[in-house]
Amino acid sequence: MERLQKVIAKSGVTSRRKAENYILEGRVKVNGKIVTELGTKVSSSDRVEVDQVELEKEEPVYYMLHKPRGVISAVKDDKDRKVVTDLLSDEIEERLFPVGRLDYDTSGLILLTNDGEFTQRLIHPKYQMDKVYVAKINGIIEKEELTKLKKGIVDQGERLKCVKARILNSNVKKGKESKEGKSIVELTLHQGKNRQVRRMFEALGYRVEKLRRERFGNLSLGNLPTGEYRKLTPHEVKQLIALSNQNVK
Ligand code: URA
């Protein structure tokens, strides 16, 4: 027996939290009867419907995609721009959705799954998953400035911080003021606030010219080409879950 909201999330309809709202709103039926009790448990023999549609019991699947710039991290876009699921072959029958978001102009590693429970676990800050970004910024950044990012800056009332920061490369344009060069900086975040890396650098007076996510938890892009994807191995999925369990406070 499993909790109703968990079963709904696992089927890929929505996240567990939203499933709870659906239940409270009377949008969920079990064996033909509306259920509004969040603690309700169901078994695989129970027929669950959301908005009159019976849940399909899809096997959970997990992919990593190397998202190119210029693609939306969603399953559809109201302006009809390309979305991450447009990059998947028609042979994938499961209804996949992205785990968290990368900006339209950010490239890099994004996970796709039909497992809502898994998604919630990976994006919630309490699980402290490492998300490693490499940013190219305009200007030569100093080590001391990175310390500010680790302590945290406040932007639009939100405290934004990283857990690690290091300069990978910086080059001063010959004969120019030192601030006219570029720096490549790696930041490791546990939070996942909107445009977080860009806002953190903007707070220090830098503009992010390019941004790529290199790593998510135990997973790295490796040599997966831009625009391509691969299935995670069962071991990688278990490792991700183990990592989140180990990190939770
Ligand atoms: N931080 C950003 O600014 N953008 C992203 O896409 C991800 C993290």
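Start by selecting Thr106 and the ligand: a polar side-chain atom of Thr106 lies 2.9 Å from an oxygen atom of the ligand. That pair is a polar contact, meaning here two N or O atoms within 3.5 Å. Then click on Arg198, which has a polar backbone atom 3.0 Å from an oxygen atom of the ligand. How much of the ligand does the protein bury? Taken alone, the ligand exposes 240 Å², and the protein buries 96% of that (accessible areas by the Shrake-Rupley method with a 1.4 Å probe).

A quick word on what you're looking at: this is a predicted model, where local features need pLDDT of at least 70 and side-chain atom pairs count only at pLDDT 80 or more, while totals for chains, interfaces and linings use all residues. Residues are numbered from 1 along each chain as its sequence is written, and side-chain values use heavy atoms, with hydrogens and water left out.

Now show everything around the ligand (a heavy atom within 4 Å of it): the residues are Leu102, Asp103, Thr106, Tyr133, Arg195, Gln196, Val197, Arg198 and Leu211. Color by domain next. Domain 2 (62-126 + 218-247) and domain 3 (130-216) both give residues to this shell, so the ligand lies between them; the bounds come from an automatic or database domain assignment.

For a last stop, select Gln128, which has a positive phi of about 50 degrees although it is not a glycine. Gln156 also has a positive phi of about 50 degrees, and it isn't a glycine either.

Definitions and conventions. Polar contact = N/O pair within 3.5 Å; in protein donor to acceptor, adjacent residues only side chain to side chain.
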